[in-house]
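Welcome! Take a moment to look over the sequence and the 3D view below, and then read on for a guided tour.

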Amino acid sequence: MIIDFQLIYQENHIAFCLCLMIGTVLGYLGTHVLRRGVVFIDISLAQFAAIGGILAEHIFCEHGHSHSHENEPLAYFCSISAVILIAVFYAVVRKYKKNISLEAIIGVTYAIGFATAVFIISIFGSQELHAERVAGDLNAIMDFGSIMPCIMAFGAVVICAIVFHKPLTHISNNYELKKESISVIFWDILFYTMMGVAISYAIVHIGVVMVFVYLVVPAVIASLFTTKLLFQMPIIVLAVAVASMIGLSVPYIAYDTWKLELSTGPHIGLMLGLILIVAALVKVAVGHIVLSKR
Amino acid sequence: MLTSEAVNFFLMQLLLIAVVLILHTYIGLHVIRRTLIFSDLALDQLAAFGILLCIVINSNEGTGNIVRLNDPITYIYALGAVTFGSFLLAVIKPKSKNIPREAVIGIMFAISFLACFAITDPVNGGGMLFDGTLKGDLDFVTWGLVKVTVIVYLLLLVFHYIFRKRFIALAENPETVKNAKLWDFLFFLSQGIITILIVPVAGVFLAYVFLMLPAAMATMFKKEWKSALLLGWSLGFIACTLGLFASYNIWDLRFFENWPYSSTLVVFMGVFFLAALLVRCIKPLRTNGKIKGTC
């Protein structure tokens, strides 16, 4: 068996750059999500972004031409609108909730969102579109032009993250104490909108569940070792790079070896899970070594 | 006019929903009060992983040996998967404040979801199998399954009733419980067992909604365990019954044509949930004449 690494590089370097960009930005947002303790907000936002996209395809596309590129801006617009709507809902509910946790409301709305997506596709019939939104389609990336909208959207999110870094970090670090003020609702909506824009563009390429994995797993790996964002970011970038490189290579190796045709997305996620397990074991081992020295 | 076959079908479905909702609402109340919201989704997805793993390992197209989603052997694999998941849920409690327990639960869900996708990806018709575990199949409901479900749920209800003080203490004062990890494991395992029975029929997301939505609605209105259980069960049963009738298009209306089973039930329960949220917003909770909150 000879693995042609040059071929793997030639075929995947654009997908790798995309994964690195998405993973790094989502990883940064993930550090905020962990500090806020609302882990599942992103999977819920991603699900509603998917619903927006699916609805747009049905409303604006002619029958039988469901994947026309002319309608892509409309699909993104509908996705982002759905996300902003649900973000406003969460920001307002967080202010008024009392008997029930925000996580419970997020959990319930996520399940309702998933069922609604299944419901819509059952009524209109577009199984492959939903599968694409859930699992993504990295194999479809041919050139940098096809990921340009995603690069521009992520560029805008990065600019917002730099400009508004201070207030967003302040709220994330004091999340429970800050819920009464009206300005906090504004910053909450801004944060969720940033996440929504990133998610809306990311799910087209990597799917709902991979968005969640990129958002939470690298941030958890980094949080195992440090609480400072400055040191967390290199760990996030490294974890994303290693997982994406190996995950993108797996389908090629599987095809060369067993003639199996595999999707790329799930293997990147599984690789990130493996890196997390190794990181947790390293953390436990280092902890024991430090304790035994004392 | 309903035929006797249709009446039999509805009786079977309604009995199954009624039985399932009792234990699901009760365990859902625990899950919400302990803020382990996605633990059930993680266990549901693990049960689906067990089922799919069993099919991938044991099916052989060459010999014609095809394992179906609801074959008895799939329940054994699913039990193995949820037992492992329950153990992990009970044992892994991050000490760092920066890593919430929900993050661990979320990662378990996402990894098992991706693992389901990965193992079915190379299989012929794997996409349909994967989709089947997400949506469930109404046709899997038989009187045999209903009987087994009723017996298992009754046993679990008796178990939870006998040890209710320990389980309630886990939700209200976890530091007072001796061997908390063992009781945590038993709690998650009982949650996992009900998951195994419901996932092939209802699918991962309806199974999760069955557990969360009635309990979430009840939590908004009632604090006491008994009244919350009764309210959650009643609202859940009404919503599910309407959803069942709509998906079967019992009123023979064009509007309800092709409504899928499990997602229709979820959508109906979702409408009830949003209505409950709205009611709470219009009529806020009051304590000693002071408005305390809306949800």
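## Two loop residues in chain B

Let us begin with Thr35(B), which sits in the loop between helix H1 (4-33) and helix H2 (39-58) of chain B. As you explore, keep in mind that this is a predicted model. The backbone of Thr35(B) has a positive phi of about 50°, even though Thr35(B) is not a glycine.

Now move along the chain to Asn179(B). Where is Asn179(B) found? Its place is the loop between helix H7 (164-172) and helix H8 (180-221) of chain B. Asn179(B), a residue other than glycine, also has a positive phi, with a value near 50°. Because Asn179(B) has 10 C-beta neighbours inside 10 Å, it counts as exposed.

## The build of chain B

Stepping back, how many helices and strands are there in chain B? Chain B has 10 helices and two strands.

What about overall size? The C-alpha atoms of chain B fill a box of roughly 70 × 55 × 35 Å along the principal axes. A compact globule with 295 residues would have a radius of gyration near 19 Å, and the 20 Å of chain B agrees with that. Buried residues account for 48% of the 295 residues in chain B. Take the contacts in chain B between residues at least 6 apart in sequence: 71% of these join residues at least 24 apart.

## The build of chain A

Next comes chain A, which has 11 helices and zero strands. Reading along its sequence gives the pattern α-α-α-α-α-α-α-α-α-α-α.

What percentage of the 294 residues of chain A count as buried? The value is 49%. For contacts in chain A between residues at least 6 apart in sequence, 81% join residues at least 24 apart.

## A quick recap

Chain A has 11 helices and zero strands, whereas chain B has 10 helices and two strands.

Notes
Residues are numbered from 1 along each chain as its sequence is written. Chains are lettered from A and ligands numbered from 1 in the order in which they are written. This is a predicted model: local features need pLDDT of at least 70, side-chain atom pairs count only at pLDDT 80 or more; totals for chains, interfaces and linings use all residues. Helices (H or I, at least four residues) and strands (E, at least two) are DSSP runs, numbered from the N terminus. A residue is buried if 20 or more other C-beta atoms lie within 10 Å of its own, exposed if 12 or fewer, and partly exposed in between; C-beta atoms are placed from the backbone. The radius of gyration is taken over C-alpha atoms; the globule rule is 2.2 Å times the number of residues to the power 0.38. Two residues are in contact if their C-beta atoms, placed from the backbone, lie within 7 Å.
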